[in-house]
Amino acid sequence: MFEKVFGLPAHPLVVHAAVVLVPIAVLSAFAYVLVPRLRPKIGWVLALSSLSGAGASIVAAETGDRLAKFLGGSEAINEHGGFGLDTRNMAVLLAVVAVVLLIVERTRANRREPMRGYERDQWGMVGEPPPANSSGSTVLTVVSVVLMVALLATAVGAAVSVAQAGDTGARMVWESVG
């Protein structure tokens, strides 16, 4: 990747993207799961923030690793690096679960809408309508619920790890440790 931006170490610059985007993804995950009426409006926020937060976390972890090698290892740097890797892993997992959930929810919504070609004409129904609640939609409902629980769990993990990484990083900077 890259080590410097305009002559400055890249890690302190790019880490702020992860520190902003991951919490936005966490908040949008909770809103998506806990406030169903917001789902049609917040789904795109969840997708964009989780994917961009995962990308920012990957870049932050990579640049942090390079900065740690440049500075030399210390206990504080190693602890911060561990939390950074946890943040990267949780952010990627959050993005994967969010995208899969959004795909499942879109599929469920498409199954609920009447299919074209099954409209009434003057003589009755044209074709046979699909069953109201087929076993496929029941399976999708169960999968959706499981994914929502997984989304909340990964959101909590991502929030905790980004807070730990941010705290240890800030302590190193402000206490001149490392």
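How do the residues of the lining of the largest pocket divide into nonpolar, polar and charged? I opened my notebook with that one, keeping in mind that this is a predicted model.

**Entry: the pocket.** I found 17 nonpolar, twelve polar and two charged residues in the lining of the largest pocket. The space in this pocket comes to about 760 Å³. I counted 31 lining residues, and those closest to the centre are His-11, Val-15, His-80, Gly-169 and Met-172. Next I looked up which helices contribute: helix 1 (10–34), helix 2 (39–71), helix 3 (75–112) and helix 4 (135–174) each give at least two residues to the lining.

**Entry: helix 1 against helix 2.** I then turned to the first pair. Their axes come within 7 Å of each other and cross at roughly 150°. An angle over 145 degrees counts as roughly antiparallel, so that is how I noted helix 1 and helix 2. In the contact between these two helices I have 21 nonpolar, ten polar and one charged residues. The crossing of helix 1 past helix 2 is left-handed.

Methods
Residues numbered from 1 in each chain as written. Predicted model: local features only at pLDDT ≥ 70, side-chain atom pairs only at ≥ 80, totals over all residues. Heavy atoms only, no water. 1 Å grid on protein atoms, 1.4 Å probe; cavity = no way out; pocket = protein on both sides within 12 Å on 5 of 7 lines; lining within 4 Å. Points joined across faces, edges and corners; volume = space filled by probe spheres on them. Helix = DSSP H or I, 4+ residues; strand = E, 2+ residues; numbered from the N terminus. Nonpolar A, V, L, I, M, F, W, Y, C, P; charged D, E, K, R; others polar. Axes fitted to C-alpha atoms, helices over the stretch in contact; angles between N-to-C directions. Parallel < 35°, antiparallel > 145°, perpendicular 65-115°, else oblique. Left-handed = near helix turned anticlockwise from the far one by under 90°.
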